[in-house]
Amino acid sequence: MSYPDWFVLVITLAVIILYGVYKSRTTRNLDGYFLSNREMPWYIVLFSIMGTQASAITFLSAPGQAYTDGMRFVQYYFGLPLAMIVLCVTFVPIFHNFRLYTAYQFLEKRFDVKTRTLTSFLFLLQRGLSTGISIYAPAIILSSLLGWNIYWTNIFMGGLLIIYTVAGGARAVAYTQQLQIVIIFASMFIAGWLVVKYLPEGVGLFDALKIGGAMGKTNVITTGVREGSGFDWNDKYNLWSGIIGGFFLALSYFGTDQSQVGRYLTAKSIRESRMGLLMNGLVKVPMQFLILMLGVLIFAFYQFHDAPLFFNQTQVQKVSNSKYAASLAEIQDHYQAVDSQKKQLVQSIAASGTANISAENRLELTYINGQRDSLRTAFKGLVVKPEVGGDSNDANYIFLRFVLDYLPKGLIGLLIAVIFISSWGSIAAALNSLASSTIVDIHKKFINKNLDEAGDYRVSRWYTLAWGIFCIIVAQFAYNLGNSLIEAVNILGSLFYGVILGVFLLAFYSKPVKGNAVFWGAILGEALVITLFLLNEHKIINLSFLWLNAIGALAVMLIGWLLQLFLFNKRAA
């Protein structure tokens, strides 16, 4: 990066840290450190909720997701607005009326200590690992693109945010997330505007979208039905998996994950919590739609410009330094020839107008892009050779490759800063929630029940620091997370969210079911979810990870109900 980029990067990060420290002044007790004295207005709650769920992975990986797979990923969020309504009706008033610090305290009141401890443990395990991925995800990309050492990048990414998270708790997290969201959206808007600006003269926004649509990238709604084979249960993103699986995932994430529950428990009233959640339900889908549309625009942009054979140039360099250098050169020569044909065809289409792209042009463009994809696949075959030991995933590098190659000086630094601060928003909230669950559900329950307010505050800060170090350690060992980082995090969540949700649904809606039944229902339900996941990974069954959320929740409810009816009721009798 240039000196102006470094200047913008350092200034932006310094402003965030100083603002977080400045806003960290609060009462030195659990109410102040974890819930900001329950005095936040709804719009701060909204920004905090959005900042917690919209990590750097969202802004790095989603454009690449659309570039490679189209916009159908937006269906993943279709169940979210429905989940927000259920939360506002059931979860929010109960959590507020009980004056809880964590969601899991309610489970002890409803069931027993072991059920509370189990769900808290599942949360800590899942959230601790996924937060490590949230540190690693942007760090590995920055490391690859800028030539930084990955281990020091992880420490740098995680270490800076620990400063204001440990110092200020929930208040610092909430107010910095407000500033972070504003900077992030302004930067993404500028990037989208520049993509369109850099298109050839006479080609505008709608022309780019039509070209993307002709290549199947604007596939916002898909049904998951394969012609001649019925519904594909392994199809990751379609209307039904989004509405049903996405509903259960959103209900569990926002209703039982302390990183989100802790955000709206900071609100000054039930009404303010509800407003924050409902506005999130209204904003999230169009927000994700626009981020994915940026990926389609970048796809259209590279139809008119030279597209890299592989967007992660570090991996290209690895192959060029190996014994497969001659094979790489042959692939690159063929790729450049095909890419030249593509540019000529697209320029011809643009010159004649994109209002009605002919079927012949559509087929020819599809064929040429198919050739390019085949050559990219051939390169991926080289990069994963044992002698090379590279990473065949480059979907997460597409947006940043465009940023580094085409954005003006200064703006590159701002977009790199966006990676840091969007990562910080979600990680800071996660560390705050991990610490709150640890001290409230574990420490004060089993280690030291008699801490005073000063002790609560002191130990809470130490737990925040400890979890920060743990997540950095996880980041150091994370590698090769799959085709898309955003998928990796959501798959990990789907292994636990459904089961935790099932426990809460039994607590809210099935009064006859007691602690023993729900505890063993959760154990057996988790075993089922992990078994199905492993069977799918080994290609024994075909099942998209989104369905694991619904299966986990329903399994816990059914098993818990049956155990209560046929086993524990008989014992009581």
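The dialogue that follows sets computed values for this predicted model against the cut-offs behind each label.

Student: Why is Phe566 called exposed?

Tutor: The label exposed requires over 50% relative accessible area, and because Phe566 has 51% relative accessibility, it counts as exposed. Phe566 is found in helix α22, which covers residues 546-572.

Student: What makes Leu558, Trp561, Leu562, Leu565 and Phe566 a nonpolar patch?

Tutor: A patch of this kind takes nonpolar side chains joined within 5 Å, from residues with over 30% relative accessible area and no salt bridge. Leu558, Trp561, Leu562, Leu565 and Phe566 form such a patch on the surface, and together they have about 480 Å² of accessible area.

Student: How do you know that Arg127 and Asp257 form a salt bridge?

Tutor: The cut-off is a side-chain nitrogen of Lys or Arg within 4 Å of a carboxyl oxygen of Asp or Glu, and the closest N and O atoms of Arg127 and Asp257 are 2.7 Å apart, so the pair qualifies. The pair links distant parts of the chain, with Arg127 in helix α7 (residues 113-146) and Asp257 in the loop between α10 (239-256) and α11 (258-264), 130 residues apart. Both Arg127 and Asp257 are buried. In total, the structure holds 14 salt bridges.

Student: Arg271 and Glu272 also form a salt bridge; which of the two is buried and which is exposed?

Tutor: Their closest N and O atoms are 3.4 Å apart, which again falls within the 4 Å limit. Arg271 has 53% relative accessibility and therefore counts as exposed, the threshold being over 50%. Glu272, with a relative accessible area of 11%, is buried, because that label applies under 20%.

Student: Why is Asp456 called buried, and why is Lys444 called partly exposed?

Tutor: Asp456 has a relative accessible area of 8%, which is under 20%, so it is buried. Lys444 has a relative accessible area of 22%, a value between the 20% and 50% limits, and therefore it is partly exposed. Asp456 and Lys444 form a salt bridge in which the closest N and O atoms are 3.1 Å apart. This pair links distant parts of the chain, Asp456 lying in helix α18 (residues 453-477) and Lys444 in helix α17, 12 residues apart.

Student: What makes the space lined by Phe59, Leu60, Met188, Phe399, Leu415, Val418 and Ile419 a cavity?

Tutor: The term cavity is kept for a space where a 1.4 Å probe fits but cannot get out. The space lined by these residues is the second largest cavity, with a volume of about 40 Å³. The elements that give two or more residues to its lining are α4 (56-69) and α17 (411-447), and α17 supplies the largest share, 3 residues. The lining divides into 7 nonpolar residues, no polar and no charged.

Student: How does the lining of the second largest pocket divide into nonpolar, polar and charged residues?

Tutor: That lining has 12 nonpolar residues, 1 polar and no charged. The second largest pocket has a volume of about 370 Å³ and is lined by 13 residues, of which Met188, Phe189, Gly192, Leu290 and Met293 lie nearest its centre. Two or more lining residues come from each of α8 (150-197) and α12 (270-304).

Methods: Residues numbered from 1 in each chain as written. Predicted model: local features only at pLDDT ≥ 70, side-chain atom pairs only at ≥ 80, totals over all residues. Heavy atoms only, no water. 1 Å grid on protein atoms, 1.4 Å probe; cavity = no way out; pocket = protein on both sides within 12 Å on 5 of 7 lines; lining within 4 Å. Points joined across faces, edges and corners; volume = space filled by probe spheres on them. Helix = DSSP H or I, 4+ residues; strand = E, 2+ residues; numbered from the N terminus. Nonpolar A, V, L, I, M, F, W, Y, C, P; charged D, E, K, R; others polar. Patch = residues over 30% accessible without salt bridge, like charges linked within 9 Å, V, L, I, M, F, W, Y side chains within 5 Å. Areas by Shrake-Rupley, 256 points an atom, 1.4 Å probe, with all protein chains shown as cover. Buried < 20%, exposed > 50% of the residue type's maximum accessible area, 1.4 Å probe, protein only.
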